[in-house]
Amino acid sequence: LKAGNPDSHWCFFNAVFSAQTTEANLQEKIESKLHKKKNTLFGAPPGKGILLFIDDANMPALEIFGASPPIELIRQVIGQEGFYDRNKLIFKKIEDMLTVAVCGLPGGGRNDLTPRMTSLFHLMAVPELSLASVNKIFTEIL
């Protein structure tokens, strides 16, 4: 998955979410990595796939109605396989894109992910390690 490996079958890019992340910035970043295949069909270059890695997926601020626009955009990209062009108001279909998202526990600026969002992912929870376990791991490495 290395980004600089020319033999890789993936075009990798990441999006680090923060409280200031907007759906417009996210859509622009995604569109910049897509290649036009047909009139309204976009995707990876021939023979490759796109891997979108989202860090801190539950960080974007909520709007007044409780939704998070960047999260809703990702949900639309995964669920409907595309999004609407902001200027031409046409639907851009996206193919060959895989999305991986990670997040921390809610609290301290992090929000709960909606069930509509989590239903589109395979979830994996990693429990926090005890201090003894962390010490054991790093003393073995060193």
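Trainee: Is Phe-91 buried, partly exposed or exposed?
Mentor: This is a predicted model, in which local features need pLDDT of at least 70 and side-chain atom pairs count only at pLDDT 80 or more, while totals for chains, interfaces and linings use all residues. Residues are numbered from 1 along each chain as its sequence is written, and side-chain values use heavy atoms, with hydrogens and water left out. Buried means under 20% relative accessible area and exposed over 50%, with partly exposed in between (1.4 Å probe, protein chains only). Phe-91 has 25% relative accessibility, so the residue counts as partly exposed.

Trainee: How do the rings of Tyr-84 and Phe-91 pair?
Mentor: Rings of Phe, Tyr and Trp (its six-membered ring) pair if their centres lie within 6.5 Å, and planes under 30 degrees apart count as stacked, over 60 as edge-to-face and the rest as tilted. A search of the whole structure finds one aromatic pair. The ring centres of Tyr-84 and Phe-91 are 5.1 Å apart and their planes stand at 70 degrees, so the pair is edge-to-face.

Trainee: Which parts does the salt bridge between Glu-31 and Lys-92 tie together?
Mentor: A salt bridge is a side-chain nitrogen of Lys or Arg within 4 Å of a carboxyl oxygen of Asp or Glu, and the side chains of Glu-31 and Lys-92 meet in one at 3.0 Å, N to O.

Trainee: Is Lys-92 buried or exposed?
Mentor: The relative accessibility of Lys-92 is 13%, and this is under the 20% limit, so Lys-92 counts as buried.

Trainee: Which residues are joined with Lys-92 into one network?
Mentor: The side chain of Lys-92 also meets Asp-85 in a salt bridge (2.9 Å, N to O), and Asp-85 is buried, as is Lys-92. Salt bridges that share partners join Lys-92 into one network with Glu-31 and Asp-85.

Trainee: Over the face of which residue does Lys-92 lie?
Mentor: A charge sits over a ring if NZ of Lys or CZ of Arg is within 6 Å of the ring centre and within 35 degrees of the ring normal. Lys-92 is 5.1 Å from the centre of the ring over whose face it lies, and that ring belongs to Phe-42.
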